[in-house]
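Me: I have a structure open and would like to go through it with you. Can we start with the terms and then look at the parts?

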Protein chains: 2
Amino acid sequence: MIPGQPAQGDATRALARSRDRQLAKRAKITAVAMEEFAAHGYEGTRAEAVALAAGVSKGAIFGYFGSKAGLFLAAYQAATLAFGRYLDAPPGILAGGFFATLTYWLEHTPGLMRQAWAPYRVVLIGSYCSDLGLKREIDTYMRRADPYGTADFVRFGQRRGEVRTDIDVEPIIALVDWTFDRCQDVIVATEPDPGILSNLTQSAVVRPGSVEQFVQLLRSAIAVPAEPGR
Amino acid sequence: MIPGQPAQGDATRALARSRDRQLAKRAKITAVAMEEFAAHGYEGTRAEAVALAAGVSKGAIFGYFGSKAGLFLAAYQAATLAFGRYLDAPPGILAGGFFATLTYWLEHTPGLMRQAWAPYRVVLIGSYCSDLGLKREIDTYMRRADPYGTADFVRFGQRRGEVRTDIDVEPIIALVDWTFDRCQDVIVATEPDPGILSNLTQSAVVRPGSVEQFVQLLRSAIAVPAEPGR
DNA sequence: ATGGAAATTGACTCCGGGTCAAGATCTGGG
DNA sequence: CCCAGATCTTGACCCGGAGTCAATTTCCAT
């Protein structure tokens, strides 16, 4: 157990180290790919440029990820993990309930975007553009991994009695995701500095308060219906 | 005015005829492109294959449409026009109001899809996959042309007092579009014969009644809120 | 050291979008 | 009927980038 030379040349130890190096390299490539995709889009990103920036050869990229689509998928997954889950909000906020938490995250979106614009852009690209095959893989991943924890979040709202339980959760989850995305669109379009994230939504005049309206729509849709008697 | 030979060889007449031929060829190419895109997806479609099937040369395609993206955009626009507008429902249905009309169209979706599966697939492809630039053009087109008349439809609902007017129309329109899309997804996944439209949504078990649940969600969201007193 | 397994490389192939000079077709006038 | 000029059409060609694979390097166990 003395640190220094590999203690007794155990095969397992060596293998583990090599596995570690693999993973590190994979992670490095993924990180670089995220930057590249964010900067140039899916079509605009060159496998060779990623290889160069990551300090490996083009062949290695395909060795690790199989194809450009595979590389993007990895970058996309990494990007989604760069954002927190709904229920990671501070306890004080969570105590305020489902809609308070939702509002909290929406208010923090501009800051999060600025702090992590590459992941944000990659997620955007993944949501909107790719061939159907890739799109399908992304959907599958989102459903299986649920990286934002939307499902847990909705169930949290249901447990607190804020979110209706008279219909399936799936449509509700889908609607929450959609609302959040639309609000992000609005926020991006409204942001005072259109430099970084520009050229997606042209400046159709965005009325302030749009976010609130989307949230209101969501609330009407998924809050527990008032009991008919009253 | 006697039909037969071109009356008196007028320049205008000749120009008009040539313009007509142009348009006819353009339409032909667009129609063929729609089939090809529907069958093979965006990436999978070869400009040369379209040219061959349309009986023109590859150069002509680029002459008419500038690029593959331009060709797709044309096919996409043609595809959206192949579907009716919401308010084109039979008068008897329209008399039943907003939600009745919505339900009518949803019930007719399977039939429409079978009868016009190429336009349907192309619209699907356009909604989900393309590079950001193309996506943006598609969004612009949808907002400007509103080929399904969703905006008119929502205002129709508002005029009838069925749809709330206390928030902007834009979020409502967006939500109606989204709901319709999701319902279509569900219907496609539920269809007994998964042959034609298969391999997009894998058979995640779809509970019957999902469509109704989405509509219920929509109704809760956008119906006029019950007055607080009651 | 050394044999061999595994990782890495980058020159190469292949494919498809896009171009453009050459040729076909059309138009109007003589 | 024929000609000149304009316009349309063609398909061989170019080019860039995804993906491959034989050769080479790195790594490890003995």
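Reply: Terms first: helices here are DSSP runs of H or I with at least four residues, numbered from the N terminus. The model is a predicted one.

Me: What about phi at Asp146(B)?
Reply: Asp146(B) is not a glycine either, and its phi is positive at about 40 degrees. Asp146(B) is in the loop between helix 8 (132-145) and helix 9 (150-159) of chain B. Asp146(B) counts as partly exposed because 16 C-beta neighbours lie inside 10 Å.

Me: Zooming out, how many helices and strands are in chain A?
Reply: Chain A has 11 helices and 0 strands. Along the sequence the pattern reads α-α-α-α-α-α-α-α-α-α-α.

Me: How much of chain A is buried?
Reply: Buried residues account for 27% of the 230 residues in chain A.

Me: And what share of the contacts in chain A join residues at least 24 apart?
Reply: That share is 65%, taken over contacts in chain A between residues at least 6 apart in sequence.

Me: Then at what angle do helix 4 and helix 8 of chain A cross?
Reply: The axes of helix 4 (residues 68-81) and helix 8 (residues 132-145) of chain A cross at roughly 30 degrees and come within 11 Å. Angles under 35 degrees count as roughly parallel, and helix 4 and helix 8 of chain A are therefore roughly parallel to each other.

Me: Is the crossing of helix 4 and helix 8 of chain A left-handed or right-handed?
Reply: Helix 4 of chain A passes helix 8 of chain A in a right-handed crossing.

Me: Which residues make the contact?
Reply: From helix 4 of chain A, they are Ala69(A), Phe72(A), Leu73(A), Tyr76(A) and Gln77(A). Helix 8 of chain A gives Leu134(A), Glu137(A), Ile138(A) and Tyr141(A). By class, the residues of this contact between helix 4 and helix 8 of chain A are 7 nonpolar, 1 polar and 1 charged.

Me: How many residues does the contact take from chain A and from chain B?
Reply: The contact takes 29 residues from chain A and 29 residues from chain B.

Me: Which elements of chain A give two or more residues to the side that touches chain B?
Reply: In chain A they are helix 1 (11-44), helix 7 (117-128), helix 8, helix 10 (169-190) and helix 11 (210-222). Helix 11 of chain A gives the largest share of that side, 7 residues. The side of chain A that touches chain B has 15 nonpolar, 6 polar and 8 charged residues.

Me: Why do you say the copies meet through the same surface?
Reply: Because 100% of the interface residues of chain A are also interface residues in chain B.

Me: Last one: is Thr150(A) buried or exposed?
Reply: Thr150(A) counts as buried, because it has 20 C-beta neighbours inside 10 Å. Thr150(A) lies in helix 9 of chain A.

Me: What does Thr150(A) touch?
Reply: Leaving out residues up to four places away in sequence, Thr150(A) touches Tyr86(A), Ile173(A), Val176(A) and Asp177(A).

Definitions and conventions: Residues numbered from 1 in each chain as written. Chains lettered and ligands numbered in written order. Predicted model: local features only at pLDDT ≥ 70, side-chain atom pairs only at ≥ 80, totals over all residues. Buried ≥ 20, exposed ≤ 12 C-beta atoms within 10 Å, placed from the backbone. Contact = placed C-beta atoms within 7 Å. Axes fitted to C-alpha atoms, helices over the stretch in contact; angles between N-to-C directions. Parallel < 35°, antiparallel > 145°, perpendicular 65-115°, else oblique. Left-handed = near helix turned anticlockwise from the far one by under 90°. Nonpolar A, V, L, I, M, F, W, Y, C, P; charged D, E, K, R; others polar.
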